[in-house]
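Reader: Please take a single part of this model and go through it closely, together with what surrounds it. Give the cut-off behind each term as you use it.

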Amino acid sequence: MWKQVITFAAISVGISASIALGLILSQRPVTDLPEGPMSFGDVATAPRLASAQLVKDTARDGATLTAWHVPARVENAPLLVLVHGSGWHGSQFDQLASQLDGIAEVLAVNLRGHFNGPGTRGDVDYLGQLEDDLADVIKARRQDGQKVVLAGHSSGGGLVVRFAGGAHRDLIDAAVLMAPFLKYNAPTTRENSGGWAHVLTRRVIGLSMLNMARINVLDHLTVIQFAMPAEIRNGPKGHEATLAYSWRLNQSFAPRADYLADVAKLPDFLLLVGSEDESFVAEGYEPLMTEVTQNGTYVVVDGANHLGVVHADETVARLRGFLENVR
């Protein structure tokens, strides 16, 4: 009897694995991805604050983690850890850091797998490594008694939500979400993030099947590409862009499948999204997230688009007020 059960289980696993491999092998990254709707002009050209310094900390695996650091000029200032969105790096927050100068100690991280970050571009070593890296940076930089605010834009906002729902949640006191990615199937997400993301769907399905069977040997494969504007790809900063993510990096950069469970564990947070956001439905966040938490303040920034919301005047004003209350 047991032999029959084991044989049946082995055959079932074999069939599932064969289907999964077929799906994975049937799709490859494209080489002629059209441009998406995003304009990275302000992000790529903003001048860096003179007081910003590139600092280094050591991750638990020995890798060197880097971040742009702006010291506080007031007592009891919180540590504001900024997490960039997909495809770029910590310099996304150059303009915002200059607008917040003096109100907080600012740390704009360069995530693993991105420009100025450790590891293979577009990949991590294991699922959840980005959370571990953020935890290591916070532990290295937080002063005794200092409050920590974890803030992220787009996919970076999704990583903040994931962090809040994970093992390191107690390291943060508050959060800021700027046009956060909650999940591909969340009612706040436009199709393909408004044209920014090209998802290799068959690969995603196949790798999901393998991971359900605890088979991880192909998790390094590319599953998503980004429609980076040609002006960036072909310009002097083209080498700073990360154009594709592996399965394990993409999974690590977003809330878990039950994203509302991660949302429910957020500490007090401020959510900001532009009324003209190309990737997400601005009015969709509050009714969705208030189903599971009352810890949030929701602001739709009039006239701001997806990237512009980061340094919009209203964003800066709201963020300054939020940080003052965290001390």
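Author: Arg112 and Asp133 form a salt bridge in which the closest N and O atoms are 2.7 Å apart; a salt bridge here is a side-chain nitrogen of Lys or Arg within 4 Å of a carboxyl oxygen of Asp or Glu. The two residues are 21 apart and link distant parts of the chain, with Arg112 in the loop between strand S4 (105–110) and H4, and Asp133 in helix H4. Helices (H or I, at least four residues) and strands (E, at least two) are DSSP runs, numbered from the N terminus. The model is predicted, and local features need pLDDT of at least 70, side-chain atom pairs count only at pLDDT 80 or more, while totals for chains, interfaces and linings use all residues. Residues are numbered from 1 along each chain as its sequence is written, and side-chain values use heavy atoms, with hydrogens and water left out.

Both Arg112 and Asp133 are buried, where buried means under 20% relative accessible area, exposed over 50% and partly exposed in between (1.4 Å probe, protein chains only). The pair also belongs to a network of salt bridges that links Asp61, Arg112, Asp125 and Asp133.

Asp57 is buried, its relative accessible area being 11%, whereas Arg141 is partly exposed at 22%.

Asp123 sits in the loop between S4 and H4, and Arg248 in helix H9 (residues 247–252), so parts 125 residues apart in sequence are tied together. Asp123 counts as buried at 11% relative accessibility, as does Arg248 at 17%. Over the whole structure, the search finds 12 salt bridges.

Now the helix itself. Of the 13 residues of H4, 10 are buried, so the helix is largely enclosed by the rest of the structure. Among the buried ones are Gln129, Glu131, Asp132 and Asp136, as well as Leu130, Leu134, Val137 and Ile138. The end C-alpha atoms of H4 are 18 Å apart, which agrees with the 18 Å that its 13 residues should span at 1.5 Å a residue; the expected span is 1.5 Å times one less than the number of residues.

H4 lies across S1, strand S2 (64–70), strand S3 (79–83), S4 and strand S5 (148–153), and runs at about 110 degrees to S1. Contact means heavy atoms within 4.5 Å. Axes are lines fitted to C-alpha atoms, for helices over the stretch in contact, and angles run from 0 to 180 degrees between N-to-C directions.

These strands belong to an open sheet of eight, in the order S1-S2-S4-S3-S5-S6-S10-S11, with mixed pairing. S1 and strand S11 (296–301) are the edge strands, each pairing on one side only; two strands pair if DSSP finds at least two bridges between them. On average, neighbouring strands of the sheet are turned by 20 degrees against each other, direction ignored.
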